[in-house]
Amino acid sequence: MFKRILIANRGEIAVRIIRCCREMKIETVVIYSEADEKSLPVMIANKAVCIGPAKVSESYLNQDVIIEIARRMDCDAIHPGYGFLSENADFAKLCEENGIAFIGPSSDIISHMGDKQSARTLMMKSGVPVVPGSRDLIKSVDEAAVIADEIGYPVLIKASAGGGGKGIRKVFSKEELAGAFETARAEAKSAFGNDDMYIEKLIVDPSHIEIQILADHEGNTVYLGERDCSIQRNNQKLLEEAPSPKLSHELRRSMGETAVAAARACGYNSAGTVEFVVDKDGSYYFIEMNTRIQVEHPVTEEITGIDLIREQIRIAAGMKLSISQEDIDISGHAIECRINAQTPGEITFLHFPAGYGVRVESHIFAGYEVSPFYDSMIAKIIVTGKTRIMAIHRLRRALEELVIEGIETNTEFMHLLTYHPEFIRGRYNTSFWEGNHEEIEQWLKEGL
């Protein structure tokens, strides 16, 4: 097992990893930017090293300096968390070349599966159902028009190296295609330094279902049920739950087995997520694989009792999975609500909810300065219940207890969302935000 791990991240995921390492008796070194000098990860890690200014390109994305710090601090592994360098094949390779374990899959796997068009091709060869679309990268608007005519509108233009909702545009007619293609390509170039694009059929109003998998270096691979991540704003998830209220037992097993097949097809070894869209008829299609831990991993932990960060670290250390598929027992229901800061500034007062079935993952505290430089998510409220309706009631109670003063957050909006009839019935899809946010915002204005 590792003696000391460097955490190349910040915020709540850095806190989550530090806590897990402490339980495993592993020392931690956290890097931080000048803007994060007084952050919680810096306070609770064994050691903390300033890596540079607030700008991410000069701090959390500075690969050479991160490696230098890891070597200087005698770290034998690096955990990238999510975001930043977590799916950067070059960084994983740099770790490998310097004899430092990268807590994630190999650089070759990240490269292969991080390129969405390459991943699509591999899945097609492996018999995994994919959304109809281009077999090769699209180099021009003219090529895009030919493919769009073949598969029919509406279509989805996507960045091959994309993530986080960047470089994606919906196109409903030929007249929209050229502008959407160029805009998506420019956004992809700016966000990822890569403007490779592909096109797939837009599945109208699907559910976004992801399957959590674990795989070790000996080929043992398991799936741990699914998460429903359909409530999104601008391709950014707002709320996730497990299990999905829409899947039958048979469909759940079929998607789980397909996810395992997808992982084995690329020789996967770590924690990962295989993402699908599910249409109104229950047909499902592979869209991508996330080769990292997900923001929403706690809901899977709550219904399985399995510590995904712990398993991820064990796998990176060359250990076998501590569980088999037969050991996995899904019990109860879990929902995660993301709390986002809508303004930067100092948190003047903070009270987190607690009590039976409530878990909070966060890095904030009273006196914490919410920075404008990084992601707006400041906390995750995770609740569990024996049934879905019990979990919903518990989430309402938890959100009612949450108090964050000094900045504006989305807490009230998320609280009202839990009262929406379509959410309560579990009849929502990726268009929920577009179809219902104005109604919920009107409830806010009316003080309901």
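This structure holds 1 cavity of 30 Å³ or more. A cavity here is a set of points, on a 1 Å grid over the protein atoms alone, where a 1.4 Å probe fits but cannot get out. About 40 Å³ of space lies in the largest cavity, where volume means the space filled by probe spheres set on the points, and points are joined across faces, edges and corners. Please keep in mind that the model is predicted: local features need pLDDT of at least 70 and side-chain atom pairs count only at pLDDT 80 or more, while totals for chains, interfaces and linings use all residues. Residues are numbered from 1 along each chain as its sequence is written, and side-chain values use heavy atoms, with hydrogens and water left out.

Which residues line the largest cavity? They are Asn9, Arg10, Gly11, Val30, Ile31, Tyr32, Asp36, Ser39, Pro41, Val42 and Tyr60, where a lining residue has an atom within 4 Å of a point. Strand E2 (27-33) and helix H2 (40-44) are the elements that give two or more residues to this lining. Helices (H or I, at least four residues) and strands (E, at least two) are DSSP runs, numbered from the N terminus. E2 provides the largest share, 3 residues. By class, the lining has 6 nonpolar, 3 polar and 2 charged residues; Ala, Val, Leu, Ile, Met, Phe, Trp, Tyr, Cys and Pro count as nonpolar, Asp, Glu, Lys and Arg as charged, and the others, Gly among them, as polar.

Strand E4 (residues 77-79) is joined to E5 by 2 bridges, and Ile78 stands opposite Phe102 in E5.

Next, look at two helices. The axes of H5 (residues 107-114) and H6 (residues 116-125) come within 5 Å and cross at roughly 90°. H5 and H6 are therefore roughly perpendicular to each other, a term for angles of 65 to 115 degrees. Their contact (heavy atoms within 4.5 Å) is made by His112, Met113 and Gly114 of H5 and Lys116, Ser118, Ala119, Leu122 and Met123 of H6. These residues divide into 4 nonpolar, 3 polar and 1 charged.

A further open sheet has 3 strands in the order E7-E6-E8, with antiparallel pairing. Its edge strands are E7 (168-171) and E8 (197-201). Strand E6 (residues 155-159) and E8 are joined by 5 bridges, and the bridge partner of Ala159 in E8 is Met197. Helix H7 (residues 141-151) lies across E6 and E8, at about 15° to E8.

Finally, some backbone details. A cis peptide bond joins Tyr153 and Pro154, with omega about 0°, and Pro154 lies in the loop between H7 and E6. The peptide bond from Ala242 to Pro243 is cis too, with omega near -5°.

Methods:
Axes are lines fitted to C-alpha atoms, for helices over the stretch in contact, and angles run from 0 to 180 degrees between N-to-C directions. Angles under 35 degrees count as roughly parallel, over 145 as roughly antiparallel, 65 to 115 as roughly perpendicular and the rest as oblique. On a 1 Å grid over the protein atoms alone, a cavity is a set of points where a 1.4 Å probe fits but cannot get out, and a pocket is an open set with protein on both sides within 12 Å along at least five of seven lines; lining residues have an atom within 4 Å of a point. Two strands pair if DSSP finds at least two bridges between them.
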